[in-house]
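Take a look at the structure first.

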Amino acid sequence: MPEAMSVGRGSLAKRAVGRGATVWKMDGVLFAAVIALSVIGTLLVWSSTRMWSSAEPTGLLKKHVLNVCIGLALYSAVAVCDYRRLRTWAPLFYGVALLGLLLVITPMGSTINGHHSWIMLGGGFAVQPAELAKPALVVMLARLLSPTAEGTKDRPTAIGVLLSLAALGGAAVLVMLEPDLGTTMVLLATTAGVIVFAGVRKRLVLLAVGLAVAGAGAVWSLGLLKPYQVARFTALMDPSSDPRGVGYNSTQALVAVGSGEVFGKGLFHGGQTTGRFVPEQHTDFIFTVAGEELGFVGTVTVVLLLGVVLLRGLRIARACDDRFGALVAGGIVAWMAFQTLVNVGMTIGIMPITGVPLPFVSYGGTATFANMISVGILQAIHVRRPFAA
């Protein structure tokens, strides 16, 4: 019996890491970029939170490291699965995501750091359904816009486009009720990206754009945006007009990034970071910590690593002959590209201030899990792609 158990363990280990195992077929460059971003993010989170509590200065650091480890476990679990099963499970994932968003706006929802976007699980743990809605929406859109038969090149139908817009609407309305304008913008951009990747006919694209513009106009004209959300858009044009009010975050972010100059002030030596002049430096404004302490070189490094993730995702999307897999990969790229643009853009004053984290760098458990799961899906598509690249 012991000998049989030993043989079984050896066989399992061989399947896991032996020659021809899934792990060796994964995109190593993509994985290395994600790990590098996670390491940089961990250092920046440590720097921006170590002065919060003299009793437990490493409390948030430990939580962040735990989140990254759990995220990597989820990444590994997803990467070794057959991504094509996601087509079958897409409606369930989307439905669960909507249920989570719905629970947030009930008495079960909780407010953390001024954002009513959480569900408390107890023991100090919380989940943010809006983050999990991003990959769920991507998978659902890919199902709606891809043909049932693998390998076919049929373009999406008008019904598919309308159903996709309905799927977007269901998630976006619930997110706006929190309210969370930043995530709503990400969901809109993600849907637009999947529609473009799907090769939808121009007239259908124009229809989708028209409906989106009409919806945005209705939101604005009906006063569905909160006053502070409107003020953030207006402050984008001139943040100095109210430097102590709505323009404060943008002004302090620019000061922090600019003060780092070329090589930065050194990790743990940023005055803006230590003094906590920029709010939410470990989450939404973590790019300011990179700018101040690591300088231009550090910020460029972060952007380049994120660019590597996006380019490898595009490569996977373009090379996959399975329309569903290609749309899932394309949707993930669109989501992360737009979220990166918004996060970095609001830090340097070219985008309105919205609460979206920087992928793989910002502190946040649910966001980390969603990002890692999505990269795991990219790896699963890369490993099982029905093509030879």
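This is a predicted model: local features need pLDDT of at least 70, side-chain atom pairs count only at pLDDT 80 or more; totals for chains, interfaces and linings use all residues.

Residues are numbered from 1 along each chain as its sequence is written, and side-chain values use heavy atoms, without hydrogens or water.

**Helix H15**
- H15 (residues 365-383) has 19 residues. Its first and last C-alpha atoms lie 27 Å apart, close to the 27 Å expected at 1.5 Å a residue.
- Of its 19 residues, 18 are buried (under 20% relative accessible area, 1.4 Å probe, protein chains only).

**H6 against H15**
- H6 (residues 129-145) packs on H15 at about 15°, with the axes 8 Å apart.
- The two are therefore roughly parallel (angles under 35 degrees).
- H6 passes H15 in a right-handed crossing (near helix turned clockwise from the far one by less than a right angle).
- H6 brings Glu 131, Leu 132 and Pro 135 to the contact (heavy atoms within 4.5 Å). H15 brings Thr 366, Ala 367, Ala 370 and Ser 374.
- By class, this contact has four nonpolar, two polar and one charged residues.

**H3 against H13**
- H3 (residues 28-49) and H13 (residues 286-319) pack at about 155°, with axes 9 Å apart.
- That makes H3 roughly antiparallel to H13 (angles over 145 degrees).
- The contact residues divide into 19 nonpolar, four polar and two charged.
- H3 passes H13 in a left-handed crossing (near helix turned anticlockwise).

Methods:
Helices (H or I, at least four residues) and strands (E, at least two) are DSSP runs, numbered from the N terminus. The expected span of a helix is 1.5 Å times one less than its number of residues. Buried means under 20% relative accessible area, exposed over 50%, partly exposed in between (1.4 Å probe, protein chains only). Axes are lines fitted to C-alpha atoms, for helices over the stretch in contact, and angles run from 0 to 180 degrees between N-to-C directions. Angles under 35 degrees count as roughly parallel, over 145 as roughly antiparallel, 65 to 115 as roughly perpendicular and the rest as oblique. Ala, Val, Leu, Ile, Met, Phe, Trp, Tyr, Cys and Pro count as nonpolar, Asp, Glu, Lys and Arg as charged, and the others, Gly among them, as polar.
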